[in-house]
Amino acid sequence: MTTLIPKQKSKKPTSVRSRGRVPHVPLSVVAQRPEELYYSILVPAVEKTDPYITIVSDARKDVLRITMVCMSIYEGYLFALGLPSNFPKEQIIVFGEDRARYIACRSCEYGEKLIYHYELTVPADTAIEEYQQRICNDLNDHFRLDVKVEQLSIVTDSRSITSENGESVELTWEDQTTVIMRTKGNQIGKLVY
């Protein structure tokens, strides 16, 4: 199943020269890199480090490398869907599975088992929307999920109103961006390319 990325304006990334430094990539990712020029891999995080995302362009090899390090499942989806990293967890709804499996608690003893590294390489001229779509599809396939961004109407306030017929309640509604995660089955799949 293909999850379509919502149409939105993305900030253009700014180019930053690394001054000869190469971003640190965990050994568990480097060890799994295939020989092919373009690939995607997802491995459980072994190393303990703070989460980060790097996007490195190598014009000589015609490669754009997107690496997500120490990400929980929902954090990978936030990046793929173009949502901010501080998107409220309360606005993520999980159907069909334990919420803690997808929105991991980093301080809990089991939380470290639900953290992953992901790397994708695509041609250097690939548009942001294209590689975000590829990441979303890879995550959907691996974790057997169908993830969508929807605008839901929620109640934000209420007040009592007294009239001739008695008392009633008036509700105030607002639209809220919400991430909906639905499981496709009980087993986690494997990425095979």
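Reader: Is Trp173 buried or exposed?
Author: Trp173 counts as exposed, because its relative accessibility is 52%. The cut-offs are under 20% relative accessible area for buried, over 50% for exposed and partly exposed in between (1.4 Å probe, protein chains only).

Reader: What is the source of these values?
Author: This is a predicted model, with pLDDT of at least 70 needed for local features and 80 or more for side-chain atom pairs, while totals for chains, interfaces and linings use all residues. Numbering starts from 1 along each chain as its sequence is written, and side-chain values use heavy atoms, without hydrogens and water.

Reader: Which strand holds Trp173?
Author: Trp173 lies in strand β7 (DSSP runs, numbered from the N terminus: E of at least two residues for strands, H or I of at least four for helices).

Reader: Now the aromatics: how many pairs are there?
Author: The count is 1 aromatic pair (ring centres within 6.5 Å; planes under 30 degrees apart are stacked, over 60 edge-to-face, the rest tilted; six-membered ring for Trp). Tyr116 and Phe143 form this edge-to-face pair, with 5.1 Å between centres and 70° between planes.

Reader: What about Gly82?
Author: Gly82 follows α2 and has a positive phi, near 75°.
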